[in-house]
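I am opening my notebook on this structure and will write down what I looked up, entry by entry.

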Amino acid sequence: MSAVNAVELGLVSLGGPRPAESDRRSADELKALADAAGRDLEGAPALEIARWAATTFGPRFCVTSSMADAVVAHLVSRVAPGVDVVFLDTGLHFPETLKVRDTVARTMPVNVRSIRPRLTVGQQDGEYGPRLFNRAPDECCFIRKVEPLERALGDYDAWAAGLRRDESPTRANTPVVGFDPKRGKVKVNPIAQWTQSDVDAYISRYNVPVNELFKQGYGSIGCWPCTRRTKAGEDPRAGRWAMFDKTECGLHV
């Protein structure tokens, strides 16, 4: 693609080194940006929301993906080729999930960063006892997901996730752009207003990689010990931590 075509399409180049630390925006500045964008971009097309984030934050913007599908990574790559895609490699993923990650890295114009916990599964078993996920799932999620994400996001001011309002009651009020006060960063949810039908249509149109487990009866996909198939009529996330009063891993709360 020529430079002229890239400009005409509104593409944002995210390659090269990140700006100096002295150029970073303060938490107050980031919150003001998020609050204004959350109002102004409500109802905007997902691609416009993604373009705003890539233009506003440049190399300090990334996408996070669980590799259930690559919809948000694909969406953002259309306006910001080379964008970093952060994947939390917990050591407990289904092979099908890792297959999506590898396909995305091989076929899409993005930079996949696989972030691992500080402890291997074996080291965690030695320190906390075997099968921590069966006894204290919140603690396991913190070790294998939450802490690695905190570490991975250190280089960024803003991140995009694939949360949708129709996924569960806990996500019904998800803003298209919000401020994450715990992390002091802007959180962008470009497909927050989409339905599952919108997602399916996008996947079909662009041949986006999708986790094969969806065809096997899984409604939502996480680590294999804490994910089961969902039954007809169940909430898509009913198969996550089914034996516990838990619906979120802690990344988005």
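How many salt bridges does a search of the whole structure find? My search finds 13 salt bridges, where a salt bridge is a side-chain nitrogen of Lys or Arg within 4 Å of a carboxyl oxygen of Asp or Glu.

**Entry on the ground rules.** I note that this is a predicted model, in which local features need pLDDT of at least 70 and side-chain atom pairs count only at pLDDT 80 or more, while totals for chains, interfaces and linings use all residues. Residues are numbered from 1 along each chain as its sequence is written, and side-chain values use heavy atoms, with hydrogens and water left out.

**Entry on the whole chain.** I looked up the secondary structure and found nine helices and six strands in the protein chain; helices (H or I, at least four residues) and strands (E, at least two) are DSSP runs, numbered from the N terminus. Of the 253 residues of the chain, 48% count as buried, where buried means under 20% relative accessible area, exposed means over 50%, and partly exposed lies in between (1.4 Å probe, protein chains only).

Strand 2 pairs with strand 3 in the parallel sense over six bridges, and I noted Val-110 in strand 3 as the bridge partner of Val-83. As a reminder to myself, strands of a sheet pair through backbone hydrogen bonds, either parallel or antiparallel.

**Entry on Asp-89.** Asp-89 sits in the loop between strand 2 and helix 5, and I count it as buried because its relative accessibility is 12%. I found a salt bridge from Asp-89 to Arg-101, with the closest N and O atoms 3.4 Å apart. Arg-101 belongs to helix 5, 12 residues away from Asp-89, and Arg-101 is buried as well.
I then found a salt bridge between the side chains of Asp-89 and Arg-116, at 3.8 Å from N to O. Arg-116 lies in the loop between strand 3 (110–115) and helix 6 (121–128), so this pair ties together parts that are 27 residues apart in sequence. Arg-116 counts as exposed because its relative accessibility is 58%.

**Entry on Glu-150 and Arg-183.** I looked at another salt bridge, in which the side chains of Glu-150 and Arg-183 meet at 3.3 Å, N to O. Glu-150 is in helix 8 (residues 137–152) and Arg-183 is in the loop between strand 5 (177–180) and strand 6 (185–188), so the pair ties together parts that are 33 residues apart in sequence. Glu-150 is partly exposed, with a relative accessible area of 37%, whereas Arg-183 is buried, with 10%.
Returning to shared partners, I noted that salt bridges join Asp-89, Arg-101, Asp-102 and Arg-116 into one network.

**Entry on His-93.** Is His-93 buried or exposed? I count His-93 as buried because its relative accessibility is 13%, and I place it in the loop between strand 2 (83–88) and helix 5 (95–107). A polar atom of the His-93 side chain lies 2.8 Å from the backbone oxygen of Leu-88. Leaving out residues up to four places away in sequence, I found that His-93 touches Phe-87, Leu-88, Leu-98, Gly-222 and Trp-224, where contact means heavy atoms within 4.5 Å.

Note on methods:
Polar contact = N/O pair within 3.5 Å; in protein donor to acceptor, adjacent residues only side chain to side chain. Pairing = 2+ DSSP bridges.
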